[in-house]
Amino acid sequence: MTKHFPQPLYHWHFELSSKCTLKCPRCPRTEYPTNPNLNKELSLEVMKDILNEERLSQAQRIMFCGDVGDPIYAKDFLSIYKYIKEVNPKINLYTITNGCLLYTSDAADEEDSVDLGGRRI
């Protein structure tokens, strides 16, 4: 809680990255290619500042989505995901992605990957 939000914020929605390789016809990336906010991302340090331990302890759900980008293109995506789960293991994390960066790993036990319903990234 903060002075601006006297009630706990249970559901957070973040756009971790405004990077994307697709060129969908009605996407803001395609219609406004000179947008200065394209190809940017939030770092682990910024996310730790926003989602400190107090806020994470109150949060029930965090959604990573993109308005003009794909969250898994953020270079710190896995680190952010792991940080949140370490602080609040019971939190529900949702990731909405176009899947272009996903791959199936033969090394399912890799320490630097996250299981997303049978697929590892």
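**View 1. Arg29 and the backbone oxygens beside its side chain.** The backbone oxygen of Val68 sits 3.2 Å from a polar atom of the Arg29 side chain, and the backbone oxygen of Ser18 lies 2.3 Å from one. A polar contact is a pair of N or O atoms within 3.5 Å; within protein, one must be able to donate a hydrogen and the other to accept it, and residues adjacent in sequence count only if both atoms are side-chain atoms. This is a predicted model, where local features need pLDDT of at least 70, side-chain atom pairs count only at pLDDT 80 or more, and totals for chains, interfaces and linings use all residues. Residues are numbered from 1 along each chain as its sequence is written, and side-chain values use heavy atoms, with hydrogens and water left out.

**View 2. Arg29 without a salt bridge.** Arg29 belongs to helix H1 (residues 28-31); helices are DSSP runs of H or I, at least four residues, and strands are runs of E, at least two, numbered from the N terminus. The nearest side chain of opposite charge, Glu15, is 7.0 Å away, while a salt bridge needs a side-chain nitrogen of Lys or Arg within 4 Å of a carboxyl oxygen of Asp or Glu.

**View 3. Strand E2 pairs with E1 and E3.** Strands pair if DSSP finds at least two bridges between them. E2 (residues 61-64) runs parallel to E1 (residues 11-14) over four bridges, with Phe64 as the bridge partner of Phe14. E2 also pairs in the parallel sense with E3 (residues 92-95), again over four bridges, and here Arg61 stands opposite Asn92.

Conventions: Buried < 20%, exposed > 50% of the residue type's maximum accessible area, 1.4 Å probe, protein only. Lys, Arg positive; Asp, Glu negative; His and termini not counted.
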